[in-house]
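Q: Could we go through this model together? I would like to start with the helix that interests me and then move on to other topics.

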Amino acid sequence: MNQISIAVTFFLSLVLTSLPFLLLGAAVSSFLLVFVNKQRLAAIFPRNRVLGAIVGSAIGLILPVGQYGTIPVARRFLLEGVPPGVVFSFLTAAPTLNIVTLWLTWQTFTYSSIFFYRSLSVWLMAIFIGTLFSFYREKPRTDSEIPLESSLVLSGSFLPEEAASQPLQRVGSLVYEYKTRDRQAWPISLQLFLDNFIDEALELGVLLIIGCAISSVFQLLLPQSQLIAWGNTPATQILVQLFFGFTLAVNASLSAFVPGSLITNLSVGSTLAFLLVSSLIDIKAFILLLSAFRPKIVLYFGILCLLMTFLVALILSFYLG
């Protein structure tokens, strides 16, 4: 019974610390739809692949929407014509390279090199992943129902299948084209803002709660002490922390507090592995990504994040202990 109460408390804490950031991201996404000109937004970002990835990795400092708020914002960026390299660099870096997470990491690891290695690793990973995704192309769709302007976004095949089957205006319940951008029509604009915000909040909020519930079940059932004992080599210790980072799904801003109390027991590499995975691709983010992007894209993104995290953590474990 005590374990169940712990799991329920863990579930509520996950919801309360994650949902506000998701709502903030939905609000930013709706603002971009209604009040930001699509052509001007897309024109802001450089078309050079590497430079675009560098710019994308810094957007989180301007839009600190948290780990789960980045997902609706990233989807909106794609729908508004922002280059994919910029979007996926932002999606990788923003959960860590934002004011809140940076400050909390610094407070937790003030006398450690973890703050520096976490920030540098995420920044380099974001640039690499963003540059890589900027080369991703699939055969454009020829569906005559897709308007030319919308096909520029949809032909990249980053969005779910149903996005390419809509004749205009919506991706499921998500508005993706707002033609009547009359700045004088404030009642209409505010109504559209609220409609899209509510749709996105409900669509992603339900999935976030499901992810919190799954993570709570892992918290209840996982033999954590046995898994920690199994990690008796640098490689296995990193694998255990990768698994914990994915399944426990602690909010990126608060993840620094989890291994902070174990800093004397964990190597720099394994601590970093937990921090990186919990920020990049935990189970809640994975579920949200599957709803916002095509499964193949999410699979590529997840594999890249895990492999790069493992490699960085292994190198640091051997050189720093």
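A: The buried residues of H5 are Pro 84, Gly 85, Val 86, Val 87, Phe 88, Ser 89, Phe 90, Leu 91, Thr 92 and Ala 93. Buried means under 20% relative accessible area, exposed over 50%, and partly exposed in between, with a 1.4 Å probe and protein chains only. Helices (H or I, at least four residues) and strands (E, at least two) are DSSP runs, numbered from the N terminus.

Q: What are the ground rules for the model?

A: This is a predicted model, in which local features need pLDDT of at least 70 and side-chain atom pairs count only at pLDDT 80 or more, while totals for chains, interfaces and linings use all residues. Residues are numbered from 1 along each chain as its sequence is written, and side-chain values use heavy atoms, with hydrogens and water left out.

Q: Why is H5 largely enclosed by the rest of the structure?

A: Ten of the ten residues of H5, which spans residues 84-93, are buried, so the helix is largely enclosed.

Q: And what covers those residues?

A: The cover includes H3 (49-62), H4 (66-79), H7 (114-133), H13 (268-280), H14 (283-292) and H15 (295-320).

Q: Turning to the surface, which residues form the nonpolar patch?

A: The patch consists of Val 50, Leu 51, Ile 54, Phe 116, Leu 120, Trp 123 and Leu 124, with about 610 Å² of accessible area together. H3 and H7 are the elements that give two or more residues to the patch. Like charges are joined within 9 Å, and nonpolar side chains (Val, Leu, Ile, Met, Phe, Trp, Tyr) within 5 Å. Accessible areas come from the Shrake-Rupley method with a 1.4 Å probe; for residues, only the protein chains shown count as cover.

Q: Which helix gives the most?

A: H7 does, with four residues. Phe 116 lies in H7.

Q: Next, is Gln 241 buried or exposed?

A: Gln 241 counts as buried, at 6% relative accessibility. This residue is in H11 (residues 234-248).

Q: What does Gln 241 touch?

A: Leaving out residues up to four places away in sequence, Gln 241 touches Leu 266, Ser 270, Ala 273 and Phe 274. Contact means heavy atoms within 4.5 Å.

Q: How many disulfides are there?

A: Zero are found in a search of the whole structure, a disulfide being a pair of cysteine sulfur atoms within 2.5 Å. Cys 212 is buried, with a relative accessible area of 0%.

Notes
Patch = residues over 30% accessible without salt bridge, like charges linked within 9 Å, V, L, I, M, F, W, Y side chains within 5 Å. Salt bridge = Lys/Arg side-chain N within 4 Å of Asp/Glu carboxyl O.
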